[in-house]
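Subject: Structure for you to look at

Hi,

Here is the structure I promised to pass on. Please open it first, then read my notes below.

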Amino acid sequence: MSYRVLTRKTPYEPKPRSGRPRVTDIRINRWIQRLASSQKMSVREITGASRLQISKNTVHRRIIESGYMIHAKMARRLTLSNLHISKRLQRARNHMSYGDKWMAVLFNDEKNGTSMDLTGI
């Protein structure tokens with residue numbers, strides 16, 4: 001085999017890749033991965049923002065190919081039962097007539113760790 005390659009008159013070149021050529025190149029693949037990781041864009045939003053006519057499956061494959069991004073589905077919340085709905089409505093009705101008592105309530109935004117004191121208003 002190697003003798004045949006060495007004695008050829010034309011230089012050896014590997015066969016071209018078979019199959020359909022990719023729509024995206026290396027630059028577009030990095031752009032897709034950068035949008036998905038830094039800007040927290042969804043696959044559908046990235047597909048719409050791209051200048052190419054690519055499918056959302058292509059975008060999803062390019063994100064998976066990056067290797068460092070992990071796909072995780074959000075946990076679904078259980079739907080409220082009729083008992084929970086009626087208890088929430090009853091609590092809301094009880095507090096509708098709270099009036100000036102709301103001024104003594106301290107609201108806490110647990111998401112950011114900041115609190116908002118409404119007693120001085």
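**A salt-bridge network**

E65 is partly exposed, at 43% relative accessibility. Keep in mind that this is a predicted model. Now look at what E65 pairs with. Its side chain meets that of R22 in a salt bridge, at 3.0 Å from N to O. E65 sits in helix α4, while R22 sits in the loop between α1 (2–6) and α2, so this pair ties together parts that are 43 residues apart in sequence. R22 is also partly exposed, with a relative accessible area of 41%.

E65 has a salt bridge with R62 as well, where the closest N and O atoms are 3.7 Å apart. Both of these residues belong to helix α4. They are 3 residues apart, about one turn of the helix. Is R62 buried or exposed? R62 counts as buried, because its relative accessibility is 5% and the cut-off for buried is under 20%. Together, R22, R62 and E65 form a network of salt bridges. The structure holds 2 salt bridges.

**The overall layout**

The protein chain has 5 helices and 2 strands. Along the sequence, the pattern reads α-α-α-α-α-β-β. The chain has 121 residues, and 14% of them count as buried. Its accessible surface comes to about 11700 Å². Carbon and sulfur atoms account for 54% of that surface.

**The core**

Which residues make up the largest nonpolar core? There are 8: I28, I32, L35, A36, I46, I54, V59 and I63. The biggest share comes from α2, with 4 residues. Take A36 as one example. Beyond its neighbours within four places in sequence, A36 is in contact with M41, I46, I63 and M69.

L80, I85 and L89 make a nonpolar surface patch of about 240 Å². L89 lies in helix α5 (residues 82–96). L89 is partly exposed, with a relative accessible area of 43%.

The chain averages a pLDDT of 79, and 83% of the residues score at least 70. Confidence is highest in α5, at 89. It is lowest in strand β2 (residues 114–117), at a mean of 51. Where pLDDT is low, the predicted coordinates should not be read in detail.

Best wishes

Definitions and conventions
Residues are numbered from 1 along each chain as its sequence is written. This is a predicted model: local features need pLDDT of at least 70, side-chain atom pairs count only at pLDDT 80 or more; totals for chains, interfaces and linings use all residues. Side-chain values use heavy atoms; hydrogens and water are left out. Patches are made of residues with over 30% relative accessible area and no salt bridge: like charges are joined within 9 Å, nonpolar side chains (Val, Leu, Ile, Met, Phe, Trp, Tyr) within 5 Å. Accessible areas come from the Shrake-Rupley method with a 1.4 Å probe; for residues, only the protein chains shown count as cover. A salt bridge is a side-chain nitrogen of Lys or Arg within 4 Å of a carboxyl oxygen of Asp or Glu. Buried means under 20% relative accessible area, exposed over 50%, partly exposed in between (1.4 Å probe, protein chains only). pLDDT is the predictor's confidence in each residue, from 0 to 100. A nonpolar core is a set of buried Ala, Val, Leu, Ile, Met, Phe, Trp, Tyr and Cys residues joined through side-chain atoms within 4.5 Å. Contact means heavy atoms within 4.5 Å.
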